Amino acid sequence: MGSERLKTPELSETDDLEPQRSAPARTTALTNLWRIKKYLYPYRFRLALLWTMVLLNIASGLAIPPLVGRAIDGPIADRDMRGLWIIVGFIALLGAADAILQLSRRYMQTTTAMAIEADMRAGLYEHLQRLHTGFHDRWQTGQLLARVTSDLGMIRRFFAGGLVFAITSIGMILIIMGQLVFIEWRLALIVAASAVPLFLIGRKFFKGYLPAARSEQDQSGEVSSAAEESALGIRAIKALGRGPLMAARFEKEAAELRDRGINKSLIASRSWSGYDAIATAAIGAVLVFGSVMVAEGRMTVGDLTAFVMLQLALLWPIEASGWVMAHGNEAMTAADRVYEVFDTEPAIKDRPGAKAIDRSEVRGELVFEDVRFGYEDDSRDILRGVDLRVKPGETVAIAGKTGSGKSTLVSLPSRLNDPTGGRILLDGTDIRDLRLANLRSVVTTAFEEATLFSMSVRENLALGRPDADEADLEAALRVAQAEFVHDLPYGLDTRIGEQGLSLSGGQRQRLALARAVVVRPAVLVLDDPLSALDVHTEELVERALAQVLRETTALVVVHRPSTVALADRVALLHEGRIAAFGKHSELMAQSPEYVDVLSAEFERSTVEEVSA
Amino acid sequence: MTVMPAKQADKHVSWRGQAESAEADRTSAEVDDAASIKELRSQSRKLLGSMIRPHKKAIAFLCGILLVQNFTSMATPLLVMFGIDNAIPAIRDRGDYSVLIGIAVAFAVVSVVKYVCVRLYIAQSAKVGNAMLFALRNRVFRKFQDLSVSFHERFTSGRVTARQSSDMESIREMTENGVDDLVLAGLNVITITVVMLVIDPRLAAVTLLTFPLMILLGRWFNKVSTLAYRRARETVALLIVYFVESMGGVRAVQAYRREERDRELFAGLNTDNRFAQAKGHQQNAVMSGGMRGIGHLATVVVLVFGGWQVMQGNTEVGVLAAFLLYMKRFFDPLNELVQFYNVLQSATSALEKISGVLDEKVEVAEPEEPRSIDHPRGELRFDNVRFQYREDQVVLPGLDLRIPGGQTMALVGATGAGKTTIAKLVSRFYDPKAGTVSLDGVDLRDLTERDLRENIVMITQENFLFNGTIAENIELGKPGAGRERIIEAAKVVGAHEFIDALPEGYDTHVRKRGGRLSAGQRQLVVFARAFLADPRVLILDEATSSLDIPSERLVQRALRTILADRTAIIIAHRLSTVEIADRVLVLEHGRIIEDGHPNELIDHGGEYATLHRQWEDSLV
Ligand SMILES: Nc1ncnc2c1ncn2[C@@H]1O[C@H](COP(=O)(O)OP(=O)(O)OP(=O)(O)O)[C@@H](O)[C@H]1O
Ligand SMILES: Nc1ncnc2c1ncn2[C@@H]1O[C@H](COP(=O)(O)OP(=O)(O)OP(=O)(O)O)[C@@H](O)[C@H]1O
Ligand SMILES: [Mg+2]
Ligand SMILES: [Mg+2]
């Protein structure tokens, strides 16, 4: 039963997108299913009650047929109407109890299973929230979604259906086997012998089915991802008229899913289709040997009849065990997929003994000391020793060419990424020694792309400060020149489209800016905050923003000379280092690289040259 | 002013905000009145029919297999009886083993037939089921691609995903589990009813009296659970919408410490979904208890009535015993079936949702009688075009505009003035509410999708990259273009340098939404894509907003050559971009307030001149 034989060659096409995507060894898959017990624990009393009810239900179900037999052999044969009424009364009572037990146990079974599923979903969600952006970049949303919905559903169905069924079946098989041995042990041996091929087939089944189920589930995640991506990118697709191309690509993924689904079922068809046949053959064998034994007088006809009748009752549980095994396998792979996510440790988290800081006590001095950074599984070093000291209350602009690492640099102070070398100090403390939640309330970032959600404007605005009052929101809207929200049909309560796409580009950007301003952080990071604004609005925003920036330390990524006006000093990021740092006018005079990147002359000369 | 906390009570409307149309969350087929619910049901039946139709033969074959299987199952007990009654006396009395051998052979045959049946059934049904799902998946995907941008705007990508993942999953579950049980149980009910009628018609009649009860129970379940499962489909869709969106924006969630609030909201949806899902299952539990009860009731009635009959001497004890045994075999499979009913209901609701999507009217539809343009000149015309997204907010009150073929026109104006809207009308993301937009005199609504997209390409304000390599993303502009042309396009827009510096060059995987590239780099890739597409009419909506000045300069140069013989609409806030245009249009609240050559407008001393001065000042 070694797990080393379970390597799956057909899954070698895994790309670098999802790490560790290979079929699990059976043992780990089982372990992972077992790890779910953590979620069962809070329900242990309910589960105990449930299992008691299941057992009672089995007992009540099994008790009725003998009573019926008694009624026939007793009162009916004896023509005793009164006796019949008594027995029938018992049967009616038992029947009612059985029906009620059945009802309530199923009711409880599904209610509990749903509750456990919901708990696991919430747990998975919480874990996903903590995982760093690198993880989320790499995993398609569809794959995560598949884990949160269909995988958890599979596990739930197994616990609520398959498992209960399996255990009752095993119980029934054991009871019946006991009776068989009691009736005639030699014939029972034949039945026992038939378990050997059943077992062998079952083992083979596990070996083939587990990876097949896994690869089907993985592909199902791919299909969801394709669906999600093509819905999100519908504008890009329509703008180019690539609907048919996308459909063809989707068809390829869907065909793969179909083929994997069929492959999985073929494995099932090759194995447990034999179950029913073997059990039937065993009946045949018993009948033949039994008949001989009866003929030789070593057994009575009644015993043989009873024996075979019991064996007939075994048929259904054995036949169904194939189905149960398939479900079990699927639950195992599902658990494995779920734990793949659970087992990914958040790369950025609180160090032990991290300190809490109070927003009101932060002065806002931000120091980069020899900061180095490279993205995981990327050989290039984006930052190669950044030294930068931002004084409390100062606004520093970061300039640099496209792709020079500006956004990367400004993602560090709020620990959206951790430097691979060097350190960043906030008021003299390494930011990694501060509590993450604390730190992020002190340092707030407005990204280059306005990440808005399809919720009310208010909810979007108050994202970083749920307790902000109306006046705070108003003030922030004024700073960002985003008063247009009042003209929306329901004002602040209007739901804005997904990613804010029911707003114009500039409106989106201003809303995102207002969102950052609402937080009133000690350190404000603005990544190219005015790129989508027209000249006139830009000037208005700049004027208002200047007021806010006076009170906070700020890092502002700039592309335009016009935005540089916001800053006290400018740092030029070039080849992973701060190549120049000073006032705009100084740098214009001293640094040729700076002139290269940000010269107004340059821009104007472009115009002249082009329009000439 | 009273201070009101922004965080409101946990009611959905409050955080989700007020949707602008009542139908925000559903397709128009899903309106709640009784008539449309019925209509939806019948549509979903039709859909099911259309799914099954191509596989009629295979399904007939499957039914054949099940019939044989049912026959062998029935044969097993009979063979046992026959063996015990005949083989043993033959051996004992005559030493004749031939009967026993015959039985053994019969058993061997039955076993083999069973094996073949089960194996064939599993394999065949998997093929049919998967093929049906495959076809449905493709149909739904294509439909979503056809639906208009405004549909997607209100439906949201999360719900699109929900229809294509969890709803499909429900249907898959149905095709994978239990259809055979349903058919077998049906066959079983029929056979056993016949057998019971043969054994004792009066007792059989008494048993059949429970049928109305079962039908009532089934009806009840059908009615209540339909509502429950419909609701469950909706709650799971909401859950998925939230999940997809909050995971897509997880950076913002983390940066703004929104985890807790997010968890709260997700937990709310999670709980709603849990109860909605549980409801149908709980009703199913009631049904399963009810079925058992009915079975026991039948036993009791038959026992009393049959016992009385036996006492009256109308029936034999043996007959009653056999009858009771058959009755058990009648009810047992029905009990199992109750669970399958659950799966069936869930799948039916999913089918309803999907048929709602498939029946949705395509707002921006392909023309019935398309007109073609042979040699496009690229002349664009707006004739009295009125457009609004919302009833009461007119974005373009009445636009008249002619852009001759080959002209490069710049569109400037304050944010929210309607520039992007004009671009979207030209690329037919929306149709105007009144008036026409035409290309070379042909109304855009009369052009086929293919002709339209071949001639008009837009670079949208949001730079969307697909999960794939850089080369694949550029290639989207012209599928099938070779590597050289891709590299050439990248070179022209100035993207080659950075792409070449990436570890795997053009084969670098950009990851989800291009997360591996910087904003400017993404913009360059999208630019290269549009350049490769090589259309007659090119629309650039802020295509250089995230670029640094040197890159912009490069792009500018490229544009001059690219646009020389092409119609172009350039939307930009940086006037450096505007000045390569032959003509500038200044837009205010959807109206053209100035129109002319850039230099002319500067001399003219109007709005554009002011803008230009402001921009020049900002550069210093
Ligand atoms: N998640 C990532 N994984 C790997 N590489 C990345 C990732 N994000 C960015 N990069 C790379 O790091 C470099 C710097 O990117 P960054 O986004 O910091 O640039 P930037 O200076 O902000 O550019 P822009 O002005 O275009 O916004 C780029 O070459 C980019 O390809
Ligand atoms: N999908 C939409 N649904 C509803 N309203 C919309 C939608 N798209 C745009 N609007 C509204 O229409 C108006 C014009 O928007 P448009 O995108 O055309 O502006 P724009 O001139 O491109 O502005 P910007 O320079 O900021 O991109 C804005 O008030 C905007 O809020
Ligand atoms: Mg950037
Ligand atoms: Mg716009």
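Visitor: Which residues in H23(B) are buried?

Guide: This is a predicted model, where local features need pLDDT of at least 70, side-chain atom pairs count only at pLDDT 80 or more, and totals for chains, interfaces and linings use all residues. Residues are numbered from 1 along each chain as its sequence is written, chains are lettered from A and ligands numbered from 1 in the order in which they are written, and side-chain values use heavy atoms, without hydrogens and water. Buried means under 20% relative accessible area, exposed over 50%, partly exposed in between (1.4 Å probe, protein chains only). In H23(B), the buried residues are B:Tyr608, B:Ala609, B:Leu611, B:His612, B:Gln614, B:Trp615 and B:Leu619.

Visitor: Which chains does ligand 2 lie between?

Guide: A residue is near a molecule if one of its heavy atoms lies within 4 Å of it. Ligand 2 is surrounded by 22 residues, and the closest are A:Ser504, A:Gly506, A:Gln507, B:Thr420 and B:Thr421. The ligand lies between chains A and B.

Visitor: Which element gives the most to the shell around ligand 2?

Guide: At least two residues each come from helix H16 (505–518) of chain A, and from strand E1 (380–390) and helix H14 (419–426) of chain B. With four residues, the most comes from H14(B).

Visitor: How much of the accessible area of ligand 2 does the protein cover?

Guide: Take the polar contacts (pairs of N or O atoms within 3.5 Å). A polar side-chain atom of B:Glu153 is 2.9 Å from a nitrogen atom of ligand 2, and a backbone N or O atom of B:Lys419 is 2.8 Å from an oxygen atom of the ligand. On its own, ligand 2 has 630 Å² of accessible area (Shrake-Rupley method, 1.4 Å probe). The protein covers 93%.

Visitor: Which residues coordinate the magnesium ion (ligand 3)?

Guide: Donors are N, O and S atoms within 2.8 Å of the metal (3.2 Å for Na, K and Ca), and water is not among the atoms, so sites may look incomplete. The donors here are OG and OE atoms at 1.9 to 2.4 Å, from A:Ser407 and A:Glu448.

Technical notes:
Polar contact = N/O pair within 3.5 Å; in protein donor to acceptor, adjacent residues only side chain to side chain.
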